[in-house]
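Please open the model in a viewer and keep the selection tool at hand.

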Amino acid sequence: MSSTKKKNIILGILGTILSLLWLSPFYLMVVNSLKTKKEIFESPLKLTSGIQFENYKQAAENLNFAQTFTNSIIITVVSVIIIIVFSSMAAYALSRVKSKVSSIIFFVFVAAMLIPFQAVMIPLVSFFGKLGMLNRPGIMFLYLGFGSSMAIFLYHGTINGISRSLDEAAIIDGCNRFQVFWYIIFPILKPITVTVAILNTIWIWNDYLLPSLVINKLGSETIPLKMFFFFGEYTKQWHLALAGLTIAIIPVIIFYFIAQKQIIKGITAGSVK
């Protein structure tokens with residue numbers, strides 16, 4: 001057996017092991033969501049003897065799933081769209097306008113990625129409370145602030161690889177700067193846009209801390225906030241919580257599989273000259 005074939009076999013085995021390790025939390029979540037509470041504590045690793053679809057029905061009722069799911073969808077979709085639009089425009093301006101000021105602004109955005117939310121959450125929430133923005137529009141604005149740094153960084157690197165001759169040709173044809181960006185540059189950014197969308201969708205959809213500080217109105221809760229319904233002071237309803245988590249991750253998984261080709265293109269963009 002050649003050394004290359006041995007190497008491929010070893011890599012295949014390691015890849016299989018890593019895949020099983022990565023999938024193990026999903027296995028535990030799905031399998032235990034179909035068990036009774038007693039079965040979870042008795043044998044969390046075993047397959048269930050009787051499937052409990054009632055867990056999903058009860059979890060959906062306790063979560064008020066239709067309303068909670070709608071809240072999460074609205075906040076996530078609108079926030080991601082705002083991040084994409086404003087971050088891509090900002091990155092285009094910073095990339096095309098070469099000056100000391102634009103360089104400083106770009107490095108400020110990059111440096112902002114290093115600041116943890118926990119360091120600014122108390123003064124920020126206090127400030128937004130005084131403005132009366134502890135609501136759905138307020139949290140979308142906050143997501144723009146916290147998500148734009150990484151998005152601008154990703155867009156900036158991609159736009160730097162796009163020839164300025166495209167801009168010049170469009171301007172000669174009569175386009176203004178906004179038209180150059182929206183009709184010429186932005187369509188080219190599709191792979192990195194999908195990457196930015198996926199990263200922010202996963203983050204915003206699963207975020208608990210920021211909504212817990214900003215959303216204080218009954219009926220406006222997102223899925224992560226509502227999930228704590230299953231964890232009381234004296235009891236934890238793991239069978240219902242796992243069923244609720246399984247339902248909650250389905251939209252993100254579907255979105256990922258639909259957009260996975262564009263994600264790969266976005267990750268590899270600029271790697272081949």
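Rings of Phe, Tyr and Trp, the last taken by its six-membered ring, pair if their centres lie within 6.5 Å. With that rule in mind, select Tyr92, Phe178, Phe181, Trp182 and Phe186, which form one aromatic cluster. The structure as a whole holds 15 aromatic pairs. For one of them, display Phe181 and Phe186: the ring centres are 5.8 Å apart and the planes stand at 55°, so this pair is tilted. Planes under 30 degrees apart would count as stacked and those over 60 as edge-to-face.

Before going further, please note that this is a predicted model. Colour the chain by confidence: the average pLDDT is 85, and 94% of the residues score at least 70. Confidence is highest in α4, at 93, and lowest in helix α13, residues 238–268, at a mean of 78.

Next, select residues 177–188, which make up helix α9. This helix has 12 residues and spans 16 Å between its first and last C-alpha, close to the 16 Å expected at 1.5 Å a residue. At the start of α9, show the side chain of Asn176, an oxygen of which comes to within 3.2 Å of the backbone nitrogen of Phe178.

Which residues of α9 are buried? They are Val180, Phe181, Ile185 and Phe186. Turn the view to look down the axis of α9: the buried residues fall within an arc of 140°, so they line one face of the helix.

Is Thr222 buried or exposed? With a relative accessibility of 6%, Thr222 counts as buried. Show what surrounds this residue: leaving aside neighbours within four places in sequence, Thr222 is in contact with Thr68, Ser72, Ile75, Asp207, Pro211 and Ile215. To finish, draw a distance from Thr222 to Ser79, C-alpha to C-alpha: the two are 14 Å apart in space and 143 residues apart in sequence.

Methods:
Residues numbered from 1 in each chain as written. Predicted model: local features only at pLDDT ≥ 70, side-chain atom pairs only at ≥ 80, totals over all residues. Heavy atoms only, no water. Helix = DSSP H or I, 4+ residues; strand = E, 2+ residues; numbered from the N terminus. Expected span 1.5 Å × (residues − 1). Buried < 20%, exposed > 50% of the residue type's maximum accessible area, 1.4 Å probe, protein only. Arc of directions from axis to C-beta. Polar contact = N/O pair within 3.5 Å; in protein donor to acceptor, adjacent residues only side chain to side chain. Contact = heavy atoms within 4.5 Å. pLDDT = per-residue confidence, 0-100.
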